[in-house]
Amino acid sequence: VAGISHDLRSVTKSIVSTLTAIELQQCILDSTDHPIIDLFSDKHILHVDEDKKAMTIQSLLDMTSGLEWTEKAYTPDETIMRMYRNPDRTAFVLNQPMSSAPGSKFYYNSGNPYVLSALITKKTGQSAFDFAKKELFGPLGIKSAKWGSLDAQGVTDGEAGLSLSPHDMARIGYLYLHDGMWDGRQIIAPSWVERARQGSVAATFGYHYANLWWSLPEKDAYMARGRHSQLILVLPKLDIVATMTGILRDD
């Protein structure tokens with residue numbers, strides 16, 4: 001229904017990506033090449049090796065963090081479900097051992113955007129939702145946003161939990177269609193949009209990935225995707241943004 005806010009599941013991740021781009025645009029972050037554990041020096045991080053030291057903001061954005069992780073059927077023993085039971089979810093993610101070198105292998109890990117949301121809080125002193133209301137939703141005229149509750153550290157869930165109406169989803173797509181420009185203001189850098197569009201990382205099921213956006217470069221299509229058929233689709237050559245919400249089966 002057009003005016004109803006809908007649970008967007010993992011489309012949330014692409015919004016966290018956009019907020020990270022805003023941090024860069026506003027010089028709150030210096031670079032996506034910054035090592036993650038340096039940014040969370042206040043936490044006692046376990047299993048620190050050379051691979052973990054090399055894990056960067058960009059490797060989290062590309063789902064190539066290299067962290068050991070299981071996320072398939074959402075059974076109680078999977079890593080993502082244990083994250084939600086942990087009193088400090090950000091620390092839980094950062095404490096996972098490494099299974100591969102950062103940047104070397106795509107693995108869909110919802111802990112990555114959770115840490116990026118925590119980084120927004122660390123850098124701005126605001127939850128990702130409050131930062132979004134001021135710097136993204138406000139400028140774009142988005143009024144339908146709802147985004148769960150904060151965790152014990154005051155962090156917004158960066159991997160899921162955002163609800164928007166279809167028209168407000170389209171505003172996000174329109175921002176990307178126009179290279180990060182909205183009403184004469186450069187909200188995010190064109191280079192950020194281009195990286196999402198090109199999808200430099202080979203992902204699953206024939207898709208590509210980058211900056212927490214999925215893409216099909218051969219079709220010049222890129223998208224924010226969530227479980228049960230939530231979608232913001234951008235087709236630049238056709239000058240089209242399409243959105244969809246649903247409760248369809250994953251298959």
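Here are some friendly notes on the predicted model above, point by point.

1. **Ground rules.** Residue numbers start from 1 along each chain as its sequence is written. The model is predicted, so to speak of local features pLDDT of at least 70 is needed, side-chain atom pairs count only at pLDDT 80 or more, totals for chains, interfaces and linings use all residues, and side-chain values rest on heavy atoms, with hydrogens and water left out.

2. **Confidence.** The mean pLDDT (the predictor's confidence in each residue, from 0 to 100) of the protein is 97, and 100% of its residues reach 70 or more.

3. **Overall build.** The protein has 10 helices and 11 strands; these are DSSP runs, with helices being H or I of at least four residues and strands E of at least two, numbered from the N terminus. For 251 residues, a compact globule would have a radius of gyration near 18 Å, and the protein agrees with its 17 Å. That radius is taken over C-alpha atoms, and the globule rule is 2.2 Å times the number of residues to the power 0.38. Along the principal axes, the C-alpha atoms fill a box of roughly 45 × 40 × 30 Å.

4. Of the 251 residues, 53% count as buried, where buried is under 20% relative accessible area, exposed over 50% and partly exposed in between (1.4 Å probe, protein chains only). Taking contacts (heavy atoms within 4.5 Å) between residues at least 6 apart in sequence, 63% join residues at least 24 apart.

5. **The sheet.** An open antiparallel sheet is formed by 6 strands in the order E6-E7-E8-E9-E10-E11. E6 (201-202) and E11 (240-244) stand at the edges with a single partner strand each, so one side of each has no neighbour in the sheet. Strands count as paired if DSSP finds at least two bridges between them. E10 (residues 230-235) and E11 run antiparallel and are joined by 5 bridges; Leu231 stands opposite Met244 in E11.

6. **Helices on the sheet.** Helix H1 (residues 11-25) packs on the sheet, where it touches E8, E9 and E10, and its direction makes about 120 degrees with that of E9. Helix H9 (residues 166-177) also packs there, touching E8, E9, E10 and E11, at about 150 degrees to the direction of E11. The axes are lines fitted to C-alpha atoms, for helices over the stretch in contact, with angles from 0 to 180 degrees between N-to-C directions.

7. **Strand E8.** From E8 (residues 213-216), Trp213 and Ser215 point one way and Trp214 and Leu216 the other, and all are buried. Trp214 is the bridge partner of Tyr209 and also of Met223 in E9. E8 pairs antiparallel with E7 (residues 208-210) over 3 bridges, and with E9 (residues 221-226) over 3 bridges.

8. **The two hairpins.** The E7 and E8 hairpin has 2 residues between the strands, and Asn211 takes a positive phi near 50 degrees. In the E8 and E9 hairpin, with 4 residues between the strands, Asp220 takes a positive phi near 50 degrees.

9. **An exposed leucine.** Leu238 lies in the loop between E10 and E11. It counts as exposed because its relative accessibility is 58%.

10. **Helix H8.** Where is helix H8 (residues 128-140) kinked? The kink, of about 40 degrees, is centred on Lys134; the bend at a residue is the angle between axes fitted to the seven residues ending there and the seven starting there. Buried residues of H8 include Phe129, Phe131, Glu135 and Phe137. Gly141 follows H8 with a positive phi near 75 degrees.
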